[in-house]
Amino acid sequence: MDLAQIVQYCLAGITAGSVYAIVAIGFNIIYNTTGIINFAQGEFLIVGAMTAISLSGIMPLPAAILLAVAVTTLLGGIIERVFIRPARDASVLRLVVITIGVSIVIREAMLHVWDEKVRSLPYFSGTSLSTVTLLGAHISVQVLWVLGVSAVIVAGLTLFFRYTLTGRAMRACADDRMAASLCGVNVPRMVTLSFMLSAAIGALAGCVISPLTQTQYDMGAPLAIKGFTVAILGGLGNSMAAVAAGLLLGLLEALMVSQFQVAYKEAVSIVVLLLVLVFRPSGLFTRKELGTLRAA
Amino acid sequence: MAEPLLATRHLHRFFGGLCAVKDVNLEVPRGVIKAVIGPNGAGKTTLFNLIAGTIAPHKGEVLFEGRPITAWKPHAIAGLGIARTFQTTRLFGHMTVLENVMVGRHPRTRCGFLAGMLDLPQAWREERESKAKALAILEDMGLREYAHQQASYLPFGRQRLVEFARALATEPALLLLDEPAAGLNIYETRELAGLILRICERGVTCLVVDHDMSLVMDISDEVFVLDQGRKIAEGPPRQIQRDPEVIRVYLGDDCAPDPQS
Amino acid sequence: MRFARYLPVIAAAALVVLLQVALSAADATYYMTQLTMSTYYVLVVIGLCLLMGYAGQVSLGHAGFFAIGGYTSAVLTTCNLVAWRDTAVIGGCRSLGLVVERQDLYGHTILCFSAWPAFFAAMLAAGLIAVLIGLPVIRLKGHYLAMATLGFGLIIYRIVLGAKWFGQADGISNVPPFPLFAGLQVNGRPAFRVENYYIAWTVVLAAMVLAINLVHSRVGRALRSIHQDEEAAHSLGVNTYRYKVCTFVFSALLAAAGGVLLTHYNGSIGPSEATVLKSVRYVAIVAVGGMGNLWGVLLMGMLLNFLSLRGVFGTYDDAVFGGILIGIMLFAPQGLLRAPAWRRVLHWLPGRRHG
């Protein structure tokens, strides 16, 4: 393989990886505030993209995307209020099962609203043929959009959690709900906010990746699995590590595709998931002693 | 001197940077009631968990009847004849009192999946025997009337007793009691003291961790005092009460030994 | 009285017979096909009920074991070994009766494994894989276990969908009937409807008897104790790890058996039997039937599968099961039949002590 091909594969891997990382960060945000894994995370990307696609027919693209993100954010909030909050005292497992049920219901709803056709958003700048040349490789401009938007999301979240009051309040909930609530933090509201935030970044990621991968109603679940794999790989709750882990998984997949058949690409993430769960559930980037995370 | 039933040698356990148990050499002779006391944070429960197999030591070993059982899994330790109770009563809430005690018969019974599924005669016999033994224990502790009630419905003091009964059902040689008097009033504590003495008379060696001094002083043959993970005193209760180091640790430097003891 | 625990079995058997007589009289025996199919699906949820309700372990990949059973049996009974007919191995198998000749769809003579060896091979495969997966995975808890089993189910799905051996998207068809004994066979054709209805119910009721016995035995008690307080159970001598793995393997075997029998009944199997949605469906049935409630699970399994097979849910099939999961977890986590309003109605039934 020459340099151009290597760059091509690497960039494909990094692009996919950054989307996985966004999904993983969405998992982490909710996990950090509530301790539950939201299986419906993947659906946020698809709902966002599908909504934007429908809206782009009647308004300019940026407005469509913005509105789609807003709608999905609202959906995230509604999901939390209707399905999660009533079961707030339930065991973690029950909540996980509820989110699985929610993801199925959303999926089926999407099937009925949008049918099973594959659609996509138009390319953000230029057309499907616009490319940039990098080290001999031709890459779509959309790839730059994906990387750019992902970077902005990660940077934005980092700033949010570190420097804003709300962000710090959410981190407080993650550490100790009782203590946070005693300090005046409105914990239930933070929980709703975490769902809304995850939905928002999910929707944004879904929109930006849509021109490249197309969007279909049932793509949410595989994305959720990969996102979860990345989240665990980096260490559940650790968003910086999620970025690294996401890129790692993306590159591994690209490697698989370049050496073997495309069909095995899906297998990579599942095998990685199982390996991590069995051998190092605390993640690659955390110290082994934190294996107490096992007793969820 | 006869070999102690239980012995720990140079036991160490760290939690992060904190040394919870430091070079502890504890010996429990057969047939005695030995108490482990110490201020909060002294490492008593950690020591307990190290012996019971819930956690593994970083250094040192635990010997039962001379054989090393360091870092053995809890179920294997129970099979050997070491039973334990917990600081907070951990009954199987949705099961009846009788069923709870019957779980205690587990290490002394054998029928597995196949025998259970096919309902083989040896399974029936074993079940009948387990039930009879469990009822006998309940009778002995005055809990017979509660046998078919759901465990979580019992008043707290009775739940404590059921946990005892359950531990006794394993026919232990050594019983580890983790703060058995916690949450009991003085009448219940006195009843408990009588119960522990009776158990010991039947040949079960007891190792008790507790804060309740009246209980400890009343029933123990020997007392082992821990402070910050280290042993600071060991001996009969009267001697411990007068030990200046023990007094200092519990009451502070200003206190003179209590002349009444 | 010990035999009180079997009363529901007798009652169920009576109902089964009654139903058959009624359907035959009303000339509506075609319902029996879906009833029989539902019964085989119920085998899966019985095992899952033991795993989730008694041992307290979740599995989102049980459709994988169903598929392992079905596909293994399908492959072995439809693969053509004619090319190897003269080798020692195949020759030996032929003389033992493991490999037989039969006519395929086009009238050609093919050589393949007969149904019984295929059945044992399928159970062995499922058992081995369950041990392989169970040993590392059962140590995990909560959502980690859920994800690991989900991952396992997905891998099985990908394998059956992608491998040529398993027919890829079309699955395997022309699976021959399964001859049992005394002329009985597992066969989906209309002429055998009544016979197969009883075969299916015999299998399921036998499984129920085994499960009921297990639940009332020392092991069942140990499993319940693990579910309620694992650490306490452990300290009482219960080898929690081994029991959880054994229960996992047993439930996998039941699922595989269901897979084998249904495949022979339908004459085919496809990748749709291995999807995550199917696994979720099984979990939903156990949840709505009541986690530790074998009879509740059997009832709900029959009901929901039958309705689904008859198409009552239409295109909302999966949504219904998803909705059921949410609804039950939110409003009746102990199962529909244990919701307070029902309790008063049902508490006089025997053999319902376990919770």
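Reply: Start with the neighbour. Chain A runs α-α-α-α-β-β-α-α-α-α-α-α-α along its sequence. That makes eleven helices and two strands (DSSP runs numbered from the N terminus: H or I of at least four residues for helices, E of at least two for strands). The model is predicted: local features need pLDDT of at least 70, side-chain atom pairs count only at pLDDT 80 or more, and totals for chains, interfaces and linings use all residues. Residues are numbered from 1 along each chain as its sequence is written, while chains are lettered from A and ligands numbered from 1 in the order written.

The C-alpha trace of chain A spans about 55 × 50 × 35 Å along its principal axes. Its radius of gyration is 19 Å, in agreement with the value near 19 Å for a compact globule of 296 residues (taken over C-alpha atoms; the rule is 2.2 Å times the number of residues to the power 0.38). Of these 296 residues, 49% are buried (20 or more other C-beta atoms within 10 Å of the residue's own; 12 or fewer is exposed, in between is partly exposed; C-beta atoms are placed from the backbone). Of the contacts in chain A between residues at least 6 apart in sequence, 75% link residues at least 24 apart (contact means C-beta atoms, placed from the backbone, within 7 Å).

Now chain C, face by face. Towards chain A, 31 residues of chain C meet 32 residues of chain A. Four helices of chain C each supply at least two residues to this side: H5 (115-137), H6 (142-162), H11 (276-289) and H13 (317-331). H6(C) gives the most, with eleven residues. By class, this side of chain C holds 22 nonpolar, six polar and three charged residues (nonpolar: Ala, Val, Leu, Ile, Met, Phe, Trp, Tyr, Cys and Pro; charged: Asp, Glu, Lys and Arg; polar: the others, Gly among them).

As for confidence, chain B averages a pLDDT of 88, and 96% of its residues score at least 70 (pLDDT is the predictor's confidence in each residue, from 0 to 100).

The largest nonpolar core has 285 residues, and C:Ile46, C:Ala256, C:Val286 and C:Leu325 touch the most other members (a core is a set of buried Ala, Val, Leu, Ile, Met, Phe, Trp, Tyr and Cys residues joined through C-beta atoms within 7 Å). Beyond its neighbours within four places in sequence, C:Val286 contacts C:Val45, C:Leu48, C:Cys49, C:Met52, C:Gly53, C:Met291 and C:Val297.

C:Val297 belongs to the buried residues of H12(C). Others in that set include C:Leu294, C:Trp295, C:Met300 and C:Leu304. They pack against H1 (7-25), H2 (31-54), H7, H11 and H13 of chain C. Just after H12(C), C:Gly311 adopts a positive phi of about 80 degrees.

Terms used: Contact = placed C-beta atoms within 7 Å.
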